[in-house]
Amino acid sequence: MKYKNIREEELKNKVAADWFGQYDCTEIVGAIDFSVLPKQINLFDRVPLLWAEAKTGNYDVPTMFVQLILTIGKARTFDKTLPPAFLGAFDFKKIAFVSYISVQDIFYMNDFNWNVAPSNHDTKEFKLVKDRIEAILQKQTYVYDYQKDEKELKTFIANNIAKASEASKIKIDKNNFIPIYLRWLEVVKPVIDVNWDELKKASIMDNDFYLADLFVDDRDTVNIDDDETIRDNLFVVFQNQGYRIKKEDIKQMFDATITLKSKEAYQQFWKRYKRPPIKAFQDYIIERRDLLVPQDIRERKGAFFTPYRWVELSQKYLADTLGEDWQEEYYIWDCAAGTGNLLTGLTNKYNIWASTLDQADVNVMHERISHGANLLDSHVFQFDFLNDDFTKLPQGLQDIIADEAKRKKLVIYINPPYAESGDSKQRMGTGSNKANVASETLIYKLNSEKYGTATRELFAQFLIRINNDITNSIVAHFSTLKFVQSQNFEKFRNYFKATYKNGFLVPANTFDNVKGHFPIGFYIWSLFEKKQIESFDSDVYDSSSFKGKKAIHTNEKGTYLIDWLRKFYDKQGEGIGYLRVNGPDVQNNLGVFITNSPTENDIKKHFIYNITAKNLIEMSIYHSIRHSIEATWLNDRDQFLAPNVEWQDDIELHNNCLVFTLFNGQNKISSTGTTNHWIPFSEAEVGAKEKFASNFMSDYLKGKIKPSENVVQDMYASHKEKATTGALVFSAEATAVMDAGKALWAYYHAQKFPTTGGVAESRGGYNVNASLYDIREHFQGRNEAGRMNSRSDDESYTELIATLREKLNLLAAAIAPKVYAYGFLKE
């Protein structure tokens, strides 16, 4: 057998390398085991080629495909990213393929429970899917043995997978035909060779051309299923690679075929979609052609803060959560509407309300309505949500809020403004930035004592008023994760009780004018299902595609990492340096470092902790826990927590963290003007020309300096004996860092210097007590602004520091799993 007796991850790696080497198999798509995409620069436009189930052992093909189908259907992955042309299933002996389009109807089954575990083969859902697809698989599956069918498998991949981008298409329905139109305006409309102004005079609009495109099949042949209603309402048809005007009273004016300037652009766009639309929605799409209106006014005043792709996705999640007909069954109020871009794509204007603080924005929305925007003039109004009384609302909206049954059907759909009181610096988040206004609102004045520091933020004030005054409604909003994770929102979470229904996270820098690397979420909450918010799972998208799920946690029942650290204060012991601490989330990691020159401001604000022989290990653990986890946009707001007790007996972790702290770039210990206690080697080990002023660290590592007996007893008695006996024993990763560090120190001390004094008189002077920071400064120098340069002209130093950083990264990788295992961070 080709791949016998290997683990699943290794099997996936080998299949990727042996059979799909020319493709990208690294992308993780939701919970799908294996994906194949073309290698190309523009990730957003990549068309998936294959999603596959991987199994170790020898499985029957239908069972593997059923598990894959249940995995896809449960997450509705096909709605979140473009589905592939082929589905696959493989084990250690064989691989099988089936076209996605041949099984996609399964995903549209009515009254089917997709929430079962795909790996449970005994559920009725598993058996139902298996019964349904076995006949399809018998006729349309391609199965290859890796060894016996090697040539045929390579041929299949070359002739099918490589050309698979056109085999799978997104079905068009009532919920996505408007978003597709908005994309069509950007891609297809510009390549239609026609004078749009002349057409407009004849009452032919661009949406007529869009409808013409919709009602053709994959061969670009008009396909309206002999439906007279559709035929009579198409004013333009697509024929012979061009458009013909069909409207009787004007078709003589435009007798010639209207051609395309770029057939390639047209074909590239439409190959993503299955035309014509799903039969059940064809009449609806024709009837609601009035919804197909361009957003040519939306960017006036720079108010378009929510990217349309996330507007579209949020409405998809609302439909998934509330039902396909949610716009007919629910009322919608955007009480922070701006110029109304969040409402783009919604269809039932009679159920939509939009209000905003500025009358100028109301005027823009009314102008949009005059150009065809799908809103009612009477439902768009000026209203200060954080100050005005609800008696100022239109009577129809007042009636909905006053009626408990209707209120349960009211969706507050918002991307509220983001600002903090008492800070003149704009903090870019989601929505518009309104500095210095949060503390001036009525909501702030009425609720600041009850809800605490959360009321300093405008977006929280919106949630507070909704929670207080529109009880039992549904809230669907964009915001950062602060209200779920931040310490400042602990009081808020005691009163904002709701059930999380659905949502997703995206990078903040995909929003207009936002430069930060942190997550912005869209959340759907049921306020009539009240419970304490503790944790929930959210889908994750990067700028190009669906990436999977992330667990979001609050910390209502525990303490933070800084609370744990306070147990190890030592104000009496002889200090060897200081730990500078910072806020408890990943975004504040750069503010955590080791120094022997703290600023007066940091001391005043209690950001400085004294490091002594008694607490060196704990201070190093705090420092290393903060810096061993790579900071990403997705974990930016994750909170560092007090660990469980298991860290106490992990001596390897203690020593790994000490070594990591000694050599990490956030160790800013310098010998300038003070004694450097942080040299981890003896003079002889690095060839120093004179004696060091302090041998504290090398003596500590050799076990010559120990924490006092009573401190160890108080801290964690279970490893008292281990902690106070002999030299520290290092892991292979820590040893490699020590060796790389020693080589760097020795290289420094081997240099020829203009002077041999114990204190450097200039960059070129010899400093026997040089710290890692000093050595870096010596070789890298500083620029005119006084900042250390990032590079050095010394090639040997550059190689040595690169090796040290490489080994340090491996040590960080050894520490990282224990960060989660011991509860310093929650997964």
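Q: How do the residues of the lining of the second largest cavity divide into nonpolar, polar and charged?
A: This structure is a predicted model. Ala, Val, Leu, Ile, Met, Phe, Trp, Tyr, Cys and Pro count as nonpolar, Asp, Glu, Lys and Arg as charged, and the others, Gly among them, as polar. A cavity is a set of points on a 1 Å grid over the protein atoms alone where a 1.4 Å probe fits but cannot get out, and lining residues have an atom within 4 Å of a point. By these classes, the lining of the second largest cavity has four nonpolar, five polar and two charged residues.

Q: How many cavities of 30 Å³ or more does a search of the whole structure find?
A: Residues are numbered from 1 along each chain as its sequence is written, and side-chain values use heavy atoms, without hydrogens and water. Local features need pLDDT of at least 70 and side-chain atom pairs pLDDT 80 or more, while totals for chains, interfaces and linings use all residues. Grid points are joined across faces, edges and corners, and a volume is the space filled by probe spheres set on the points. Cavities of 30 Å³ or more number seven.

Q: Which strand gives the largest share of the lining of the second largest cavity?
A: This cavity holds about 90 Å³ of space. Its lining includes Ile 552, His 553 and Asp 638. Strands are DSSP runs (E, at least two residues), as are helices (H or I, at least four), numbered from the N terminus. Three lining residues, the largest share, come from strand β18 (residues 546-553).

Q: Why is strand β13 largely enclosed by the rest of the structure?
A: Buried means under 20% relative accessible area, exposed over 50%, partly exposed in between (1.4 Å probe, protein chains only). On one side of β13, Leu 410, Ile 412 and Ile 414 are buried, and on the other Val 411 and Tyr 413. Strand β13 (residues 410-414) is largely enclosed because its buried residues number five of the five.

Q: Which residue in β14 is the bridge partner of Tyr 413?
A: Two strands pair if DSSP finds at least two bridges between them. β13 pairs in the parallel sense with strand β10 (residues 331-334) over three bridges. It also pairs in the parallel sense with strand β14 (residues 474-479) over four bridges. There, the partner of Tyr 413 is Ala 476.

Q: Is Phe 97 buried or exposed?
A: Phe 97 sits in strand β4 (residues 94-99). Its C-alpha atom is 5.6 Å from that of Thr 141, 44 residues apart along the chain. Because its relative accessibility is 0%, Phe 97 counts as buried.

Q: Which residue in β21 stands opposite Arg 580?
A: Three strands form an open antiparallel sheet in the order β20-β19-β21. Strand β19 (residues 577-580) is joined to β21 by four bridges. Opposite Arg 580 stands Ile 608.

How values were computed
1 Å grid on protein atoms, 1.4 Å probe; cavity = no way out; pocket = protein on both sides within 12 Å on 5 of 7 lines; lining within 4 Å.
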